[in-house]
Amino acid sequence: MNHVTGTSKVIRNPQLLASEMDGEIVMMSVDQGKYFSIGRSGVEIWKLLDQEMTVTEIVAELRKKYEVDEATCQHDVIQFVELMAKKEIVRVK
């Protein structure tokens, strides 16, 4: 995986089965035979990724909902995307 930047394009891995339950997203990877869950602000990012978006676009959307400075938001989104990409939950281009 390449380093994630503001211009990196991110989308959900379409091979995951996912459902929202009690404010969390619960996913199953048939390929990996593993379950994953995402809570809190991760759910907001997951919802945005039903279409391909850049990290910068994700940050802009989150900043419309939350009072957070751009640098902090971008840092947190990049960390989240890198973790999710490592677990093959999202795809990064």
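Tutor: Let us begin with a definition: Ala, Val, Leu, Ile, Met, Phe, Trp, Tyr, Cys and Pro count as nonpolar, Asp, Glu, Lys and Arg as charged, and the others, Gly among them, as polar. Please note also that this is a predicted model.

Student: How many nonpolar residues are in the lining of the largest pocket?

Tutor: The lining consists of Ser41, Ile45, Leu62, Tyr66, Val68, Thr72, Cys73, Asp76, Val77 and Phe80. By class, one of these residues is charged and two are polar. The nonpolar residues in the lining number seven.

Student: Which element gives the most to the lining of the largest pocket?

Tutor: The pocket has a volume of about 160 Å³. Two or more lining residues come from each of α1 (41–48) and α3 (70–86). With five residues, the element that gives the most is α3.

Student: In what order do the elements of the chain run from the N terminus on?

Tutor: The chain has three helices and six strands. From the N terminus on, their order is β-β-β-β-α-β-α-α-β.

Student: Why is the chain said to be as compact as a globular protein of that length?

Tutor: For 93 residues the globule rule gives 12 Å. The chain is as compact as such a protein because its radius of gyration is close to that value, at 13 Å.

Student: Which residue in the hairpin of β2 and β3 takes a positive phi near 50°?

Tutor: Strands β2 (residues 16–21) and β3 (residues 24–29) run antiparallel and are joined by six bridges. Two residues lie between these strands. In this hairpin, the residue with a positive phi near 50° is Asp22.

How values were computed
Residues numbered from 1 in each chain as written. Predicted model: local features only at pLDDT ≥ 70, side-chain atom pairs only at ≥ 80, totals over all residues. Heavy atoms only, no water. Pairing = 2+ DSSP bridges. Helix = DSSP H or I, 4+ residues; strand = E, 2+ residues; numbered from the N terminus. 1 Å grid on protein atoms, 1.4 Å probe; cavity = no way out; pocket = protein on both sides within 12 Å on 5 of 7 lines; lining within 4 Å. Points joined across faces, edges and corners; volume = space filled by probe spheres on them. Rg over C-alpha atoms; globule rule 2.2 N^0.38 Å.
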